[in-house]
Amino acid sequence: MSLPCLALALAGCATTPDATKPPPPVPLTLDLADPVVEAEIAGVPLRLRVDFQQKDVIELNPAAAARLAVKWEDGFDVAVGRVVLQGRQARAPVLIGGVAIESVVAEHGRDCCAGVDGAISPASLPYDPVRLVRQSEPEGRSASYPATISAETGLTLAQPLGRETLRVRLALDGETPIATASAGAVLAKAQGGRFVGPVFRVTPAFGVSRQARTMVFARPPLVAGFPLERVAVRFADFSGGRTLPLPGEGDGEGIEVRGRAPPPQRDWPSVSLGRQQLDRCREIAFHRAQSVITLDCRFGS
């Protein structure tokens, strides 16, 4: 080896590029108010909303799925509370911003997304980081949280609460915060939560509505940095073995329950934040290499 080459080697310098290494990740910046990407799936142009609640598949509206010439097979079921939607899925080539990937696409017989053809998780995009930015919003405080992507529950961040951990979802198309029964039980015990007001219905996904009731707190919890004065609790969904405060406790209102109670669903302590909180964010970013979600928001009430 010549002296110049030896010096380069000792310095840890490469004289030629390594063709086996993948290209460095490229960041993607989208409008937080309308985070949509143009994609081609199996050669068909489609518009996909970037959705932090989306699982690690591309979910399509049935009309968009019907346009794809792919080999469909039985897919996974989706449980929206106790309403189970059967699905189908297929592997398909996907082109986004000139970057080709292969992904699983799915549909469940109901529209998932209004105004677009489907939804994709930021964790499924071939970019890192994925930044959703609202230029009109003033800067707030930045906070980062460990993120987990699951085929069952989508992209969530972890929120410790005493000895428990809530799974927090960012529902960019939601209105107000919604908790599962299990999360309501955790919040009630830790923060002095109680039910108030009548039963109403919320629509967490696929146009399926579920019963809920408002929970207020003696000590408002901080969830992903946001203080929650009240939350809608889906009191019949995903309670596990946990016990909620009795309906009507503390406000004199009761709920009449008839018939045998169905067996409890699995324990899933999840809270979805909606626009009531997320409209105060200047930026929401997912960093895939670190599995971190970063929020730049005005967190105060």
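The link of C281 and C297 is right-handed, with 90 degrees about the S-S bond. Their sulfur atoms lie 2.0 Å apart and form a disulfide (a pair of cysteine sulfur atoms within 2.5 Å). This is a predicted model, in which local features need pLDDT of at least 70 and side-chain atom pairs count only at pLDDT 80 or more, while totals for chains, interfaces and linings use all residues. Residues are numbered from 1 along each chain as its sequence is written, and side-chain values use heavy atoms, with hydrogens and water left out.

**Disulfides**

- A search of the whole structure finds two disulfides; with the bonded cysteines of the protein chain numbered in sequence order, the pairing is 1-2, 3-4.
- Helices (H or I, at least four residues) and strands (E, at least two) are DSSP runs, numbered from the N terminus.
- Both C281 and C297 are buried; buried means under 20% relative accessible area, exposed over 50% and partly exposed in between, with a 1.4 Å probe and protein chains only.
- C112 and C113 form a disulfide with their sulfur atoms 2.4 Å apart.
- The torsion about the S-S bond of C112 and C113 is about -95 degrees, so this disulfide is left-handed.
- C112 is partly exposed at 22% relative accessibility, whereas C113 is buried at 9%.

**Salt bridges**

- The structure holds 11 salt bridges (a side-chain nitrogen of Lys or Arg within 4 Å of a carboxyl oxygen of Asp or Glu).
- R88 forms a salt bridge with E107, and the closest N and O atoms are 2.7 Å apart. R88 lies in strand 8 (residues 88-96) and E107 in strand 9 (residues 99-107), so the pair ties together parts that are 19 residues apart in sequence.
- R88 is partly exposed, with a relative accessible area of 28%, while E107 is buried at 9%.
- R134 forms a salt bridge with D279, with the closest N and O atoms 3.8 Å apart. R134 lies in the loop between strand 11 and strand 12 (141-150), and D279 in the loop between helix 4 (275-278) and strand 22, so the pair ties together parts that are 145 residues apart in sequence.
- R134 is buried, with a relative accessible area of 13%, and D279 is partly exposed at 37%.
- The side chains of R275 and E175 meet in a salt bridge at 2.1 Å, N to O. This pair links distant parts of the chain, 100 residues apart: R275 is in helix 4, and E175 is in the loop between strand 14 (164-170) and strand 15 (178-180).
- R275 counts as partly exposed, at 27% relative accessibility.

**Aromatic rings**

- The structure holds two aromatic pairs. Rings of Phe, Tyr and Trp (its six-membered ring) pair if their centres lie within 6.5 Å; planes under 30 degrees apart count as stacked, over 60 as edge-to-face and the rest as tilted.
- The rings of F238 and W268 have their centres 5.3 Å apart and their planes at 90 degrees, so the pair is edge-to-face.
- F238 and W268 are 30 residues apart, and each lies in the loop between strand 20 (230-234) and strand 21 (270-273).
- F238 is buried, with a relative accessible area of 4%, and W268 is buried at 11%.
- R88 lies over the face of W72, at 4.2 Å from the ring centre; a charge sits over a ring if NZ of Lys or CZ of Arg is within 6 Å of the ring centre and within 35 degrees of the ring normal.

**Surroundings of V133**

- V133 belongs to strand 11 (residues 130-133) and is buried at 9% relative accessibility.
- Leaving aside its neighbours within four places in sequence, V133 is in contact with T29, L30, D31, L32, R282 and E283 (contact means heavy atoms within 4.5 Å).
- V133 and E283 are 150 residues apart along the chain, yet their C-alpha atoms are separated by 4.4 Å.

**Helix 3**

- Helix 3 (residues 181-191) is mostly covered, as nine of its 11 residues are buried.
- The buried residues in helix 3 include A181, G184, V186, L187 and Q191.
- Just after helix 3, G192 takes a positive phi of about 70 degrees.
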